[in-house]
Amino acid sequence: RRGVVRAVGEAAQRFAEDKLRMMRAVRMAAVFGFALDPATRQAIVDGAATVTVVSPERIAQEMRGMLGVRGQASAAAILVDVGLAAAILPELLPLAALTVSTAGVSRWEVTLGVLSELERHAPVAFGTVLAALLSDVGWDGAANADDAARRVGEIAMQVARRWKLSNDERDRATWLVRNQCGLENGARRAWSEVQPLLAHQLGPELVQLLAARSAVLGLPTDDVEFCRAQLARPREELDPPPWVTGDDLVRLGLRPGRGFAQLLQSVRVAQLDGIVATPEAATELALRLAGRLDDPPAAT
């Protein structure tokens, strides 16, 4: 009734009996919007570093409870505040000192804002929320956005291994963070750059993260609107079958080898971007690129 989470009896003793209870207290406070009793909070602060004796599987399960329902932003904030994040997810700690130059706020504030935005559309898969939680951890010292995405992908993989997450959770989180910048300026990029991301099974989640981040940073919504409009197209329009396949090239007398995949990719790009308008034109382009015909088009 008072909206307080308090350990039964002596808090330090309760947490000594089972270290995971420290995380469970945070989860209860976040999910229900309650406050931590001061003595209980202090006992967590004092014992936070010892939570690592708990098995990774149990820690991961508690994180699923924090990030998979509601109160994700509150849970993340409390984890950092009481020192548990330093033990189980230290990658978050530098974010408070890093600033998003275009917005004048810390990357930690942006992270919490994105988590709050995602909560408005709950339920969201744990792997997706984890991607949002980790999305800014690779920017410290990154040379550019691609470098940051690569680094945060590596960090997401490390966290997944540390917590022994399922393959689905690991793959979801790492794919999303590695491609988190891929839809920025999507309405002005070549369709062949944006289409593979939107056509991916996690395309809708990637758009969801883009929308959340855009809302937090106060960015224009045209990219989000463009991506959502593309996702609304019939599947055969969003992801049309390739006009030229590897089997087609073999039937044309080409031998698979070095550069074969790149040849197919070049033809696919030409198809998506409208450089070729028919399957016959795509086949002709493939042969030209393979050196079977003269004068390949300059556009390729």
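By class, the lining of the largest cavity splits into seven nonpolar, two polar and two charged residues. Here Ala, Val, Leu, Ile, Met, Phe, Trp, Tyr, Cys and Pro count as nonpolar, Asp, Glu, Lys and Arg as charged, and the others, Gly among them, as polar. This is a predicted model, so to speak for local features a pLDDT of at least 70 is needed, side-chain atom pairs count only at pLDDT 80 or more, and totals for chains, interfaces and linings use all residues. Residues are numbered from 1 along each chain as its sequence is written, and side-chain values use heavy atoms, with hydrogens and water left out.

**Overall picture**

- The protein has 17 helices and four strands; these are DSSP runs numbered from the N terminus, with helices being H or I of at least four residues and strands E of at least two.
- Along its principal axes, the C-alpha trace spans about 85 × 40 × 35 Å.
- Of the 300 residues, 45% are buried, meaning under 20% relative accessible area, with exposed being over 50% and partly exposed in between (1.4 Å probe, protein chains only).
- Take the contacts (heavy atoms within 4.5 Å) between residues at least 6 apart in sequence: 68% of them join residues at least 24 apart.

**Cavities**

- Two cavities of 30 Å³ or more turn up. On a 1 Å grid over the protein atoms alone, a cavity is a set of points where a 1.4 Å probe fits but cannot get out, a pocket is an open set with protein on both sides within 12 Å along at least five of seven lines, and lining residues have an atom within 4 Å of a point.
- The largest cavity holds about 120 Å³ of space, where volume is the space filled by probe spheres set on grid points joined across faces, edges and corners.
- Helices H8 (126-134), H10 (167-178) and H12 (203-217) are the elements giving two or more residues to that lining, and H12 gives the most, with three.
- The second largest cavity comes in at about 30 Å³, and its lining includes Pro 242, Trp 243 and Val 244.

**Second largest pocket**

- This pocket has about 150 Å³ of space, and its lining includes Arg 6, Phe 15, Met 28 and Thr 40.
- Helix H2 supplies the largest share of the lining, four residues.
- Its lining has six nonpolar, one polar and four charged residues.

**Nonpolar cores**

- A nonpolar core is a set of buried Ala, Val, Leu, Ile, Met, Phe, Trp, Tyr and Cys residues joined through side-chain atoms within 4.5 Å.
- The largest one has 80 residues, and Met 23, Leu 84 and Trp 163 are among those with the most contacts inside it.
- A second, separate core of 11 residues includes Leu 254, Leu 263, Val 267 and Ala 282.

**Two buried residues**

- Thr 111 sits in helix H7 (residues 107-119) and counts as buried because its relative accessibility is 0%.
- The Thr 111 side chain reaches the backbone oxygen of Arg 107 at 2.9 Å.
- Beyond its neighbours within four places in sequence, Thr 111 is in contact with Leu 95, Ala 132, Leu 133 and Asp 136.
- Val 194, in helix H11 (residues 191-199), is buried too, at 1% relative accessibility.
- Leaving out residues up to four places away in sequence, Val 194 touches Leu 183, Gly 186, Arg 189 and Phe 226.

Definitions and conventions: Polar contact = N/O pair within 3.5 Å; in protein donor to acceptor, adjacent residues only side chain to side chain.
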